[in-house]
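Reader: I would like to go through this structure with you. Can we take it question by question?

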2 protein chains.
Amino acid sequence: MADGPTITTIAERAGVSIASVSRVLNGLPTRQETVRKVMAAAEELGYVRNAVARSLKSRRTHQVAFAMADVGNPAYLAMLRQIQPVLKSAGYRLVLHSTDAVVADEIDVLHSLGERYVDGLIMSPLRVTEQHLDMLAAARAPVVIIGSVPEGTPVDNVRADSRTGVKLAIDHLYRLGRRTIGMVNGPTDTVPGAARGAAYREALEDLGLPYDEELVEIGDFYRAEGGRAVAALLERRPDVDALMCANDLIALGALDVLRAAGRRVPHDVAVAGMDDTDLAAASWPSLTSVSLGSAERGKAAAELLVDRLKNGDREPRRVTVPPRLAVRASTTGEEPAPYQAPGAERGTP
Amino acid sequence: MADGPTITTIAERAGVSIASVSRVLNGLPTRQETVRKVMAAAEELGYVRNAVARSLKSRRTHQVAFAMADVGNPAYLAMLRQIQPVLKSAGYRLVLHSTDAVVADEIDVLHSLGERYVDGLIMSPLRVTEQHLDMLAAARAPVVIIGSVPEGTPVDNVRADSRTGVKLAIDHLYRLGRRTIGMVNGPTDTVPGAARGAAYREALEDLGLPYDEELVEIGDFYRAEGGRAVAALLERRPDVDALMCANDLIALGALDVLRAAGRRVPHDVAVAGMDDTDLAAASWPSLTSVSLGSAERGKAAAELLVDRLKNGDREPRRVTVPPRLAVRASTTGEEPAPYQAPGAERGTP
């Protein structure tokens, strides 16, 4: 919004207060002389009428919604951070929904597109059901889905590739000489749990390593549960020399438990996480982690939607964001030089 | 949204598809028989007409905006996590603005209230200027400010108390026997930098400890800069036995540098951070940190706004959220039992 004339620059040009400019532009009672000055300055600066005026003219709302499954999940927040500036610079306001991954809530968001309160929607459902597909077919505004949809679904679609992601990490552990690689997963009746568990098995097969059920432990996608699962796995198989953890929180739980058990990371047991959240770089040892490109997926989804809003007729597109392995000390033992790390994370202010 | 009848429950009752219900309620062409079934089911279930219909009737938008300074900052994200559910359960959609703490952008958001695209606004400016105050006085919709505003400003206001927060940490370090307590701050021309620097000085005075400029180092609010500042301080004053860091990222930089220098934390140097972000619990040793109650401030702001929207005439209220010290291993040396920590952080899915 800081580009182009604003009420601040108009106030400077007109030599009146910002509040006066705001009153004039919002049509509130103001002294004639002030109105004259403000209108002259606005014209000189080429000020474009406000969004409501534009909206009345174009029947567009200049709003776009993002329906995220969980406002507390770092992966969705990473998407949000990228979606917001793309929409802002394209002149759209962002309406935020949190659906808690409840299907009925997601369906309601799709239905509410009929109210025309937004021009388009980005949705990141945990699981795309038949009901989603029905509603997508009937949607009253363009939708971009972040996640997997069946072939031929007529929406723009951005997806991750967790299978290749798990393979990247397992191959990395193998190259480091690890041959007894355990898997600590979340529930396998969730989409990520099922995908990551299957990918682990495949990656071992590709390397000619046997799949051994004793090396697999199912907990939940949280730190405490991850720790408990790792403790159980260690007790059953003390010979494990690497752990593939299905997300970073599980991997943090693994570091806790290995430290308490006196097992050195990575010397005795190498640990890899998944999602490459801010927590991965903050932990010690810092955590090798598979990035599934949440930020890139958010950016791609926003760009697809902005493009679709300009060009409603083009064919649906699918973008797959490739995974990337962030190699850190929990597998290689090498901590980065302490104060040369780029300050990618944000703090106060 | 899952409470009360939804199009999902209406579809079940009517025995038709969800997409059919959506079409009927959105006024699209549908078979008479389907329309009849859907309308009967909607009536039986007491379905309330959609937001646009409500909006036309009440001239309300049922939208509320949150203007956050920085969508990448964990403190604002913590606010967002709390604001979202309060607004959702009160029936408001959330419109999200990111202003990058640019005053002109914040002024534009206040001005745009004249467009009536929202019923109210929560704003968290880094600094409240004269221009903000002018615009607040002329605002066309209720505004809640998270931050400090001058006495008598006619808006609801939620504030933190970083002064008491710094004092909590310094007193804690003092009780642990530390007497040479350094301060690693961000730039003192920012609001938090100035407040935290002054609070450090006051807290020492209250304890009868001398203020020594050599023990103060100014860097920036990021990990790498924090580390550099700590390295400079350590070189000048190797006798420092505790570090008060102005945020958690600076404190993580301190842990990096102390580890590289072979100084044990907390045995040789105790370290305290500020903001109590997710990173504090993830680091090792886990980080003692002052919470300024971002989550509580977000919740209080949303509740004040929802209350104001019901009762526009009441007097402005001010809520001050007290700080809280989260004591962890970086000062006491005691790591929590590894797998009993509650899984407060969220992960996949």
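The questions below go from the interface to the loops and then to the salt bridges.

Reader: Where does this model come from, and what rotation superposes chain B on chain A?
Author: This is a predicted model. Chain B goes onto chain A with an RMSD of 0.1 Å and 0.0 Å of shift along the axis. The rotation is 180°. That is why the relation is that of a two-fold axis.

Reader: How much of the contact surface of chain B recurs in chain A?
Author: The contact takes 83 residues from chain A and 84 residues from chain B. The same surface serves both copies. Of the contact residues of chain B, the share that recurs in chain A is 99%.

Reader: How much area do chain B and chain A bury between them?
Author: The size of an interface is often given as the accessible area lost when the parts come together. Carbon and sulfur atoms carry 60% of the area buried here. The total for chain B and chain A is about 7,800 Å².

Reader: How many salt bridges cross the interface, and how many of the residues of chain B that touch chain A are nonpolar?
Author: The rule finds four salt bridges across the interface of chain B and chain A.

Reader: Which residue of chain B forms a salt bridge with A:Asp105?
Author: Side chains of opposite charge can pair when their charged atoms come close. For A:Asp105, the closest N and O atoms of the pair are 3.1 Å apart. The cut-off is 4 Å. The partner is B:Lys88.

Reader: Which residues does A:Gly147 contact, leaving aside its neighbours within four places in sequence?
Author: A:Gly147 sits in the loop between strand S4 (143-146) and strand S5 (156-159) of chain A. A:Asn157 is ten residues away along the chain, yet the two C-alpha atoms are separated by 7.0 Å. Beyond those sequence neighbours, A:Gly147 touches A:Asn157, A:Val158 and A:Arg159.

Reader: Is the peptide bond from A:Trp284 to A:Pro285 cis or trans?
Author: A:Pro285 lies in the loop between helix H12 (278-282) and strand S10 (288-291) of chain A. Omega from A:Trp284 to A:Pro285 is near -5°. In chain B, the bond from B:Trp284 to B:Pro285 also has omega near -5° and is cis. The bond in chain A is likewise cis.

Reader: What is phi of A:Arg116?
Author: A:Arg116 is in the loop between helix H6 (103-112) and strand S3 (120-123) of chain A. Its phi is positive, in a residue other than glycine. The value is near 60°.

Reader: How far apart in sequence are the parts that A:Asp278 and A:Arg81 tie together?
Author: The structure holds 46 salt bridges over all chains. One of them joins the side chains of A:Asp278 and A:Arg81, at 3.9 Å from N to O. A:Asp278 lies in helix H12 and A:Arg81 in helix H5 (residues 74-89) of chain A, so the pair ties together parts separated in sequence by 197 residues.

Terms used: Residues are numbered from 1 along each chain as its sequence is written. Chains are lettered from A and ligands numbered from 1 in the order in which they are written. This is a predicted model: local features need pLDDT of at least 70, side-chain atom pairs count only at pLDDT 80 or more; totals for chains, interfaces and linings use all residues. Side-chain values use heavy atoms; hydrogens and water are left out. Contact means heavy atoms within 4.5 Å. Buried area is the accessible area (1.4 Å probe) that two parts lose on being put together, summed over both. Copies are superposed by least squares on the C-alpha atoms of residues with pLDDT of at least 70 in both. Helices (H or I, at least four residues) and strands (E, at least two) are DSSP runs, numbered from the N terminus.
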